[in-house]
Amino acid sequence: MTNVIDVTDESSIHWQQEMSYGQYLQLDPLLQLQHPLSDQHDEMLFIIIHQASELWMKLCLHEAYGAAQQIQQDNLRPALKMLTRVARTQQQLINAWEVLVTMTPADYSAFRDSLGQSSGFQSYQYRELEFLLGNKNAALIEAHKGHPEHYQQLQQALNAPSLYDICIQLLSQRGFAIDQAIINRDTSQPYSANASVEAAWLKIYQHTETYWDLYELAEKLVDLEHHFQQWRFNHMKTVERIIGYKQGTGGTAGVSYLHKALALQFFPELWSVRTSI
């Protein structure tokens, strides 16, 4: 006997719920936030890509802070899930460049002057994410001094232990011989690779069955940095493709600055240890 599915014409449904899809997501205000300053067709693409990227970065921060809190409590199972979600979210950020590169140099130059001094360098969420992951550089928050709320938030992120600092503290709590100078270091300063930290990761990689959760943590961190580097590379090549080696908006160095950023590492021992395994 053939099953008969009663398909109701959804257009005839009288919605009486207290909250609709659009209300829950606040779509009306959200979709009214795109205001091109020129009459150029491609400026809408430029605005939406950057607004969407900021939303994805907001999620990255939400998950990464959640993971850090769980790691501090030695509760790795939920932390691993959250770090996986950060990496998947980073993939969306990477894919955004594939859409943006449909804009040609001529398309961008037609509205570039409308941007004034605004620059992606001024993204306070991006800077906070870098600080949380460990790229501490106090000079980089000076661009936000004119916005006290953002400046204070970035100062807090600069001074707080990074995600990697928290992971190293966990290694010490688990009994690994970590130099106390690293445990007690000034976390507002950039992290430098340490032999005792690499020795701990080496032991974990050599005895994965014994330290499986820490091994998984290490690989999640590697995933996160790998995706971040892919994002940086795609950013650099997109800028090179669209404006070449011109100075960036807001007076930034453009491609040359982005190229230097590719050399930065968040979790150095997790890369160097691979040579010893």
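I began with the rings: those of Phe, Tyr and Trp (its six-membered ring) pair if their centres lie within 6.5 Å, with planes under 30 degrees apart counted as stacked, over 60 as edge-to-face and the rest as tilted. The model is predicted, so I kept to its conventions: local features need pLDDT of at least 70, side-chain atom pairs count only at pLDDT 80 or more, and totals for chains, interfaces and linings use all residues. Residues are numbered from 1 along each chain as its sequence is written, and side-chain values use heavy atoms, with hydrogens and water left out.

**Entry 1. Aromatic rings**

I looked up the cluster and found that ring pairs link Trp-97, Tyr-126, Tyr-164, Tyr-191, Phe-228, Trp-231, Phe-266 and Phe-267. By the ring rule I count 14 aromatic pairs. One of these is formed by Tyr-205 and Tyr-215, an edge-to-face pair with 5.5 Å centre to centre and 90 degrees between the planes. This pair links distant parts of the chain, ten residues apart, with Tyr-205 in helix α10 (residues 195-206) and Tyr-215 in helix α11 (residues 212-243). I take helices as DSSP runs (H or I, at least four residues), numbered from the N terminus.

I then checked accessibility, where buried means under 20% relative accessible area, exposed over 50% and partly exposed in between (1.4 Å probe, protein chains only). Tyr-205 is buried because its relative accessible area is 12%, whereas Tyr-215, at 22%, counts as partly exposed.

I also noted a charge over a ring (NZ of Lys or CZ of Arg within 6 Å of the ring centre and within 35 degrees of the ring normal). The charged end of Arg-274 sits over the ring of Trp-271, 5.8 Å from its centre.

**Entry 2. Phe-267**

I located Phe-267, a member of the ring cluster, in the loop between α12 (255-261) and α13 (268-272). Phe-267 counts as buried because its relative accessibility is 1%. For contacts I use heavy atoms within 4.5 Å. Not counting residues up to four places away in sequence, Phe-267 touches Leu-133, Tyr-164, Leu-221 and Glu-225.

**Entry 3. Gln-90**

I found Gln-90 in helix α4 (residues 76-100). Gln-90 has a relative accessible area of 4% and is therefore buried. A polar atom of the Gln-90 side chain lies 3.2 Å from the backbone oxygen of Leu-224. Leaving aside neighbours within four places in sequence, I list Cys-60, Asp-223, Leu-224, His-227 and Phe-228 in contact with Gln-90.

**Entry 4. Gln-34**

I placed Gln-34 in the loop between α2 (27-30) and α3 (43-72). Gln-34 counts as buried because its relative accessibility is 17%. The Gln-34 side chain makes a polar contact of 2.6 Å with the side chain of Gln-51; such a contact is a pair of N or O atoms within 3.5 Å, where, within protein, one must be able to donate a hydrogen and the other to accept it, and residues adjacent in sequence count only if both atoms are side-chain atoms. The side chain of Gln-34 also reaches the backbone oxygen of Leu-30 at 3.2 Å. Beyond neighbours within four places in sequence, Gln-34 is in contact with Met-44, Ile-47, Ile-48 and Gln-51.

**Entry 5. Leu-217**

I found Leu-217 in helix α11. Leu-217 is buried because its relative accessible area is 0%. Not counting residues up to four places away in sequence, Leu-217 touches Ile-71, Leu-76, Leu-80, Leu-83, Cys-167 and Leu-170.

Technical notes: Helices (H or I, at least four residues) and strands (E, at least two) are DSSP runs, numbered from the N terminus.
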